[in-house]
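Q: Hi! Could you walk me through the side-chain packing and pairing here?

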Amino acid sequence: MSALPHSTAQATSPWPERVAALDWAQATDDLHTQGHTVLPQLLSAEECTALAGLYSRPGPPLFRSRVVMQRHGFGLGEYQYFGYPLPELVAGLRDALYPQLQPIANHWNAAMGIDVRYPAQHADFLARCHAAGQLRPTPLLLQYAPGDYNCLHQDLYGEHVFPLQVAILLSEPDRDFTGGEFVLTEQRPRMQSRAEVVPLRRGDAVVFAVHHRPVQGTRGTYRVNLRHGVSRVRSGQRHTVGIIFHDAE
């Protein structure tokens, strides 16, 4: 697989079938109980290599903007936001993953007393974003070199936020890089924050809460606030693709 076409997802996309074949019962249970889950080997090695190679690919621009994290206090390293139309693989994954996550998102909002509900299809949710002025695509490609890291943060971008997002590791730990672990923290009311390192291999996707999630306590349901980041890369180069389902203002 030498390159990914710069186009929207087609009706013949393999992604709905591939995504539907995953163990969503386990993934749903994980998300409800811990706020994240791993989808193992969502991408092949060839797909990972092709996606990572887009970062510095010459030719027509694939990206709408480039962010150097140090300039904004976000950490060290850099990332680029894809522009529309998205590469076919990115668009296909975005559209195929959303319907699997939409019931979880609606369940979470109902449990937390939030009135917002999400439509069954991603295109309808994007139309809601665009009507509110959130027009800029948010899927992104991240690149880390030795010493780089990503501070704990949340990817919100506007009024309309889908409460789950996905990051896919495109590099192989201990071969392409060392360090660079994916980290989640959960801030619980009147308690100290809890940190968790999520182990990933190349091609694995982690699905996690963007902002907050419901937790059942002894006195009812309460919200916990989540942030995510990447620990310091010690050697090599690390690439990740992030799939965020809401667009940005």
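A: Happy to; we can go through cores, rings, salt bridges and cysteines.

A: This is a predicted model, where local features need pLDDT of at least 70, side-chain atom pairs count only at pLDDT 80 or more, and totals for chains, interfaces and linings use all residues. Residues are numbered from 1 along each chain as its sequence is written, and side-chain values use heavy atoms, with hydrogens and water left out.

Q: Great. Which residues touch the most other members of the largest nonpolar core?

A: Leu-93, Leu-101 and Ile-168, in a core of 48 residues. A nonpolar core is a set of buried Ala, Val, Leu, Ile, Met, Phe, Trp, Tyr and Cys residues joined through side-chain atoms within 4.5 Å. Buried means under 20% relative accessible area, exposed over 50%, and partly exposed in between (1.4 Å probe, protein chains only).

Q: And which helix gives the most to this core?

A: Helix H5, residues 88-111, with 11 residues. Helices (H or I, at least four residues) and strands (E, at least two) are DSSP runs, numbered from the N terminus.

Q: What is Leu-101 in contact with, leaving aside neighbours within four places in sequence?

A: Trp-24, Leu-31, Phe-162, Leu-164, Val-166, Val-207 and Phe-245, with contact meaning heavy atoms within 4.5 Å. There is also a second, separate core of 19 residues, which includes Tyr-81 and Leu-169.

Q: Switching to rings, how many aromatic pairs are there?

A: The structure has 12. Rings of Phe, Tyr and Trp (its six-membered ring) pair if their centres lie within 6.5 Å; planes under 30 degrees apart count as stacked, over 60 as edge-to-face and the rest as tilted. Tyr-79 and Tyr-81 are edge-to-face, because their planes are at 90°, with ring centres 5.5 Å apart.

Q: What lies over the face of Tyr-81?

A: Arg-64, at 4.5 Å from the ring centre. The rule asks for NZ of Lys or CZ of Arg within 6 Å of the ring centre and within 35 degrees of the ring normal.

Q: How many salt bridges?

A: The count is eight, taking a side-chain nitrogen of Lys or Arg within 4 Å of a carboxyl oxygen of Asp or Glu. Arg-213 pairs with Glu-186, with the closest N and O atoms 2.9 Å apart. Arg-213 is in strand S12 and Glu-186 in strand S9, so this pair ties together parts 27 residues apart in sequence.

Q: Is Arg-213 buried or exposed?

A: Buried, at 3% relative accessibility. Glu-186 is buried too, at 6%.

Q: Last one: how many disulfides?

A: Zero, from a search of the whole structure for cysteine sulfur atoms within 2.5 Å.
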